[in-house]
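Here are my notes for your review. Please read them with the model open.

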Amino acid sequence: MAVLESIKNVLKGVTHYTGEIGNFTYDPDQFKIRKDGEKEYLQYIGKRVHDINIPFGVVELYKTFDSNVEIESVIVPNSVKRLGFQAFQGCLSLKNLKLSDSVIEIGDYCFQGCKGLSHVAIPNSVKVLGVGSFQECSNLKDVEIPDSVKVVKDFGFYDCKKLKKVLMHKNISIGKSCFEHCPAIFEYRFDGVIGKFQYDINNFIVERNEGNEYLQYIGIDKNVEIPTGLTKMYMTFSDVDVASVRIPDTVVSVSDYSFSNCRSIQTIKIPSSVKELGKFCFSSCSNLKSIEMSDSVLAVRYHCFEGCTSLQTISLSESIERLEEGCFYYCINLREIELPKRLRELSDFCFSDCEKLEYVKIPMLVRVLGKACFANCINLKKVLLPRGISIGEECFKDCPAELVYY
């Protein structure tokens, strides 16, 4: 039977191979089996330069197109498991390469010096990128390294001078000089409790505090955009010197300490996706002058705006029913505030030490003013109050206001 099959192949002008690099049939005018010491490999010897089809059944490419400066595009079948040593090295004209999800390894110097490649789609099956695998691909512009890749070995993308963006996961192992002489921006992918997003590793880092993950800004830019896909902020800009921040509409919670001690930020816009402003969220933002807030915000937590000494006016969400303790404590330049009609309670120390506050109307539904709520508001002249309201201890201490009930 083997002899008969060989005769048929000869008549067809093809040759069959079974060995270490696979079980396949190939055209001897296009390919040739060669040896490198004891290593057998398939070498392309054809004249075609476009859409070269690797024979199905080949499991490894090794020096297959090494130093072929003519080929422009290659189709790799899903039988191929490894793109091995120097498989495409020095293929100066190679522009398009279609890889299947069967490939598990891109070997050493596989695409070294492929100057025509501007983009490579690495399948989500590849586990290893070998030494110098994309070294000196001088026109490569962007690379997305999938989650399946665990290791990028030494010199992986060395001297890729036009590489602008690299997207990868944060647990990947990166070899020495891997991205040396590359101007790229490096981004990590994140998928977890606080959202699904990608972020520039020079600007952000995912930290953990008491088991909670949060995105923290570590960059030097003064004007910052938060990655789209983040759903919860926590300590993101705490003690950071930024002038402006754009919050994407994927954020639902601007949680505790998100902007605390941001002393340069002057204005902030809260998108309509946000439901909550957390504890000490904007505390000690000493240059914060104005906040744009939609009616989506349901809760303003404990000491949220404490010590915002430049804040002069704020329009609160109409959906808020309770302002928690110390919410606007020591906002010494706050001159006026319009309280939401649905508000039911002003907690302890809510507007304490707001020295420039002159007039307040307490909405009809409010039934409780907490302890020292307006204490030390030394310029408060008039307060309109609904009848039957409960007034806490020292609510208006050192406050000259006239209390008028309606």
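1. A cut-off comes before the details: buried means under 20% relative accessible area, exposed means over 50%, and partly exposed covers the range in between. Asp353 has a relative accessibility of 15%, so Asp353 counts as buried. Please keep in mind that this is a predicted model.

2. Stay with Asp353 for its backbone. Its phi is near 65°, a positive value in a residue other than glycine. Most residues other than glycine have a negative phi. Asp353 sits in the loop between β32 (345-346) and β33 (359-361). I would look at this loop on screen.

3. Tyr330 also deserves a look. Phi of Tyr330 is near 60°, again positive in a residue other than glycine. The loop between β30 (322-323) and β31 (336-338) holds Tyr330. Is Tyr330 buried or partly exposed? Its relative accessibility is 35%, so Tyr330 counts as partly exposed.

4. Next, Ser79. This residue belongs to the loop between β7 (73-75) and β8 (82-83). With a relative accessible area of 10%, Ser79 is buried. What does Ser79 touch, leaving out residues up to four places away in sequence? The contacts are Pro55, Phe56, Gly57, Val58, Val59 and Ser102. For Gly57 there is a polar detail: its backbone nitrogen lies 2.9 Å from a polar atom of the Ser79 side chain.

5. Last, a strand pair. Strands β17 (residues 185-192) and β18 (residues 195-200) run antiparallel and are joined by 6 bridges. A hairpin of 2 residues links β17 to β18. Within this pairing, Arg189 has Gln198 of β18 as its bridge partner.

Notes: Residues numbered from 1 in each chain as written. Predicted model: local features only at pLDDT ≥ 70, side-chain atom pairs only at ≥ 80, totals over all residues. Heavy atoms only, no water. Pairing = 2+ DSSP bridges. Helix = DSSP H or I, 4+ residues; strand = E, 2+ residues; numbered from the N terminus. Buried < 20%, exposed > 50% of the residue type's maximum accessible area, 1.4 Å probe, protein only. Polar contact = N/O pair within 3.5 Å; in protein donor to acceptor, adjacent residues only side chain to side chain. Contact = heavy atoms within 4.5 Å.
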